Amino acid sequence: MLETLDAMNYQHLNTPIGTLRLASNGTYLLKIEFEGHYNNDVVETSDAVLVNCAHQLTDYFAGKRQRFELPLGAKGTPFQQSVWDVLADISYGELRSYKDIAHSIGNPAAVRAVGAASGRNPLPIVVPCHRVIGSDGSLTGFAGGLETKRVLLQLEARVMLPRKSPAKAPGKNFRR
């Protein structure tokens, strides 16, 4: 992900989890914000990046997209960037623990720091921090709230169902 400080364009997108506010600088997607976590004092000025992001998110919520192909420009520390890069590689329908992510970045003792970096992910859904759970399998913090996290995981489980045995419950279809 690239770092950028340019002026932002905004577009709102109505989704099954509420209205998301998308932000870009015209070249890179910079933020996705959940309803209630942004003020409405900005003028909506869309661009090609935002239109493309909105289209891909709409496809995701319709169960037609499992991976995003967008130019990402999230700003963060080198540590946060390393965590976000690992998050971006978590496949649709898969779950990882914070401990798994810490091991992936070569710092197994950084479990709490990984959780903090995940919590600061400015591109939720596209960089799928909702696919990270506690080591005990529990749902843990998410900027959009635990119910939103649950809805996203259930959406992915439903879409995964046709490839799985119908006897399995949706929550059991995630690979670990």
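This is a predicted model: local features need pLDDT of at least 70, side-chain atom pairs count only at pLDDT 80 or more; totals for chains, interfaces and linings use all residues.
This is a short talk on how one protein chain is put together, from its overall layout down to a few individual residues.

Hi everyone, and thanks for coming.

Let me begin with the overall layout. The protein has five helices and five strands. If you walk along the sequence, the order is β-β-β-α-α-β-α-α-β-α. There are 176 residues, and 47% of them are buried. The exposed surface comes to about 8800 Å², with carbon and sulfur atoms supplying 50% of it. Now take the contacts with a separation of 6 or more: 58% of them are between residues 24 or more positions apart.

Now to the sheet. Three strands make it up, in the order E1-E2-E3, with antiparallel pairing, and the sheet is open. Strand E1, residues 9-15, and strand E3, residues 29-34, are the edge strands, each pairing on one side only. On average, neighbouring strands here are turned by 20 degrees against each other, if we ignore direction. As a quick reminder, strands of a sheet pair through backbone hydrogen bonds, and they can do so in a parallel or an antiparallel way.

How many bridges hold each pair? Between E1 and strand E2, which covers residues 18-24, there are seven. Between E2 and E3 there are five. Then find serine 24, whose bridge partner in E3 is leucine 29. E2 and E3 form a hairpin with four residues between them, and glycine 26 in that turn has a positive phi of about 95 degrees.

Let's stay with E3 for a moment. Five of its six residues are buried, so this strand is mostly covered, taking buried as under 20% relative accessible area. Leucine 29 lies in this strand, and at 0% relative accessibility it counts as buried. What does leucine 29 touch, beyond its neighbours within four places in sequence? The list includes Ala23 and Ser24, then Val49, Leu50 and Cys53, the run from Leu70 to Ala74, and also Leu123 and Val126.

On to charged side chains. The whole structure contains five salt bridges, and I'd like to show you three of them.

One links arginine 21 with glutamate 33, at 2.7 Å from N to O. Arginine 21 is in strand E2 and glutamate 33 is in strand E3, twelve residues apart. Both residues are buried.

Another joins glutamate 156 to arginine 131, at 2.9 Å from N to O. Here the partners are 25 residues apart: glutamate 156 sits in helix H5, residues 146-160, and arginine 131 is in the loop between H4 and E5. Are these two residues buried or exposed? Glutamate 156 has 0% relative accessibility, so it counts as buried. Arginine 131 has 3%, so it counts as buried too. Besides glutamate 156, arginine 131 has other contacts away from its sequence neighbours, among them Tyr60, Gln66, Leu153 and the stretch from Ile90 to Arg96.

Arginine 150 and glutamate 147 meet at 3.2 Å, N to O. Both lie in helix H5, three residues apart, which is about one turn of the helix. Arginine 150 is partly exposed, with a relative accessible area of 36%.

One last stop, for those of you who like backbone geometry. Most residues other than glycine have a negative phi. Isoleucine 125 has a phi near 80 degrees, a positive value in a residue that is not glycine. Where does isoleucine 125 sit? It is in the loop between H4 and E5. Its relative accessible area is 1%, so isoleucine 125 is buried.

Note on methods: Residues are numbered from 1 along each chain as its sequence is written. Side-chain values use heavy atoms; hydrogens and water are left out. Contact means heavy atoms within 4.5 Å. Two strands pair if DSSP finds at least two bridges between them. Helices (H or I, at least four residues) and strands (E, at least two) are DSSP runs, numbered from the N terminus. Axes are lines fitted to C-alpha atoms, for helices over the stretch in contact, and angles run from 0 to 180 degrees between N-to-C directions. A salt bridge is a side-chain nitrogen of Lys or Arg within 4 Å of a carboxyl oxygen of Asp or Glu. Buried means under 20% relative accessible area, exposed over 50%, partly exposed in between (1.4 Å probe, protein chains only). Accessible areas come from the Shrake-Rupley method with a 1.4 Å probe; for residues, only the protein chains shown count as cover.
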